[in-house]
Amino acid sequence: MGLARVLREIGSVQVDPLEVVGRSQDLALSSRVVGYRPPDLERTLYRERTLFEWGGGLVIRPVEEFPYLIHRMQEFEHHPKWENFGRTQRALVDRVLRAVEERGPLGSRDLPEGAKVESYRASRDTGLALYYLWLTGRLVIHHREKGERVYDLTTRCIPRRFLRAVPAPAAREYLVARAMDRWGLPNRSEVHSALHWAHPDGHSPKVTREWIATRERKGDLVRVEVEGQPQPQWTTPEGAEQLSRLERDLVPAGWNARSATSEEEAVFLAPLDVVIRDTRARRFFGFQYRWEVYVPAAKRKWGYYTLPILYGDALRARADLRFDRDSETLRVLGFWLEENNDAGDANLAAAIGRGLARLRDMVGAQRVDLTKMTPRAFAAGVRSAT
């Protein structure tokens, strides 16, 4: 399955620059695409251009969604922070845009003459102008050099057929539907987030309740009660049919794995994967998860880059991992089973071993170091399958 097709199915993948055991976006795609390697994403983004990156919380989306986002891009010109920048720095913005028009793709390092600024987004005002032009849709990310964004004109990178904006009302409906598809079974808070994302200034909790009620009456949304959850969730009629099949122990159409299932090969979930983001790991799996990258070392319970491990339809373990590039070794720095009695589960150990082998190949490691993995007998079972 191609990356563009996968993104159409799951909606988007959040980008994170940290590369401890692999970037979050690579981990998310590797868990869904057989034989995925990071260069596949670079090729699809920057050569084939069937995907693009955009948004303050940077995500990768299919290029077909570009027309639906144009109105959101334009709205940033009226966001209080960026409206002030666009108004007070108009000459700078125009100068930077002309530079890209005349010189081709440029990054912040290509415009060293800018004045220094205090900003999370850039160290110079020219870099901030590039970011502003990208956020408001006139530039796109052409490629990256050592992780740094290099921008070019949108009209030179996005196919012409995707440059015509979809009318705002239809675009908002589409973006809400896509956001809800991505959540899978959104609760009221997540529905509200989807509505707020599509139309930031137009939604209060009351409006969200009315929106849900209207779509329930029309049959566009189906209320779902999830065992153990105090709040209802919602899905589409198609999603309700899939849930009905699952309740009858039937696999919905299109759900068959192209290679190993998660019972045969455990999946190491990306820290920003929508499956476990926010409170979803606890809500759906009873799994307490916190990404501890930004937690002081002394306060970490698990580890710097600990990933949940999916086996079958349950999160059964977690591992703190690091890829040591100098020795080409994928190291398991810590490992924890959710249930102590799983220590004797040979099938689970073998599945985790196969999942580690997949991860090893994705990051380009030559070996896996399990010396810190316990219990030792369980680690031996993992080792035999890597």
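## Arg360 and its partner

Arg360 counts as buried, its relative accessibility being 18% (buried means under 20% relative accessible area, exposed over 50% and partly exposed in between, with a 1.4 Å probe and protein chains only). Its salt-bridge partner is Asp361, and the closest N and O atoms of this pair are 3.1 Å apart, whereas Asp361, at 33% relative accessibility, counts as partly exposed.

## Basis of the model

The model is a predicted one, in which local features need pLDDT of at least 70 and side-chain atom pairs count only at pLDDT 80 or more, while totals for chains, interfaces and linings use all residues. Residues are numbered from 1 along each chain as its sequence is written, and side-chain values use heavy atoms, with hydrogens and water left out.

## Other salt bridges

The structure holds 26 salt bridges, each defined as a side-chain nitrogen of Lys or Arg within 4 Å of a carboxyl oxygen of Asp or Glu. One of them joins Arg61 to Glu65, with the closest N and O atoms 3.4 Å apart; Arg61 is buried at a relative accessible area of 12%, and Glu65 is buried too, at 2%.

Asp40 and Arg43 form another salt bridge, in which the closest N and O atoms lie 3.2 Å apart. These two residues are separated by about one helical turn, because they stand 3 residues apart in helix 3 (residues 38-48), and Arg43 is partly exposed, with a relative accessible area of 29%.

An open sheet consists of 5 strands in the order 9-10-11-12-13, and the pairing within it is mixed. The edge strands, each of which pairs on one side only, are strand 9 (267-268) and strand 13 (367-369). Helices (H or I, at least four residues) and strands (E, at least two) are DSSP runs numbered from the N terminus, and two strands pair if DSSP finds at least two bridges between them.

Strand 11 (residues 314-324) and strand 12 (residues 329-337) run antiparallel and are joined by 8 bridges, with Asp324 standing opposite Thr329 in strand 12. Helix 14 (residues 346-363) packs on the sheet and touches strand 9, strand 10 (306-311), strand 11, strand 12 and strand 13, contact meaning heavy atoms within 4.5 Å. The direction of helix 14 makes about 150° with that of strand 12, where axes are lines fitted to C-alpha atoms, for helices over the stretch in contact, and angles run from 0 to 180 degrees between N-to-C directions.
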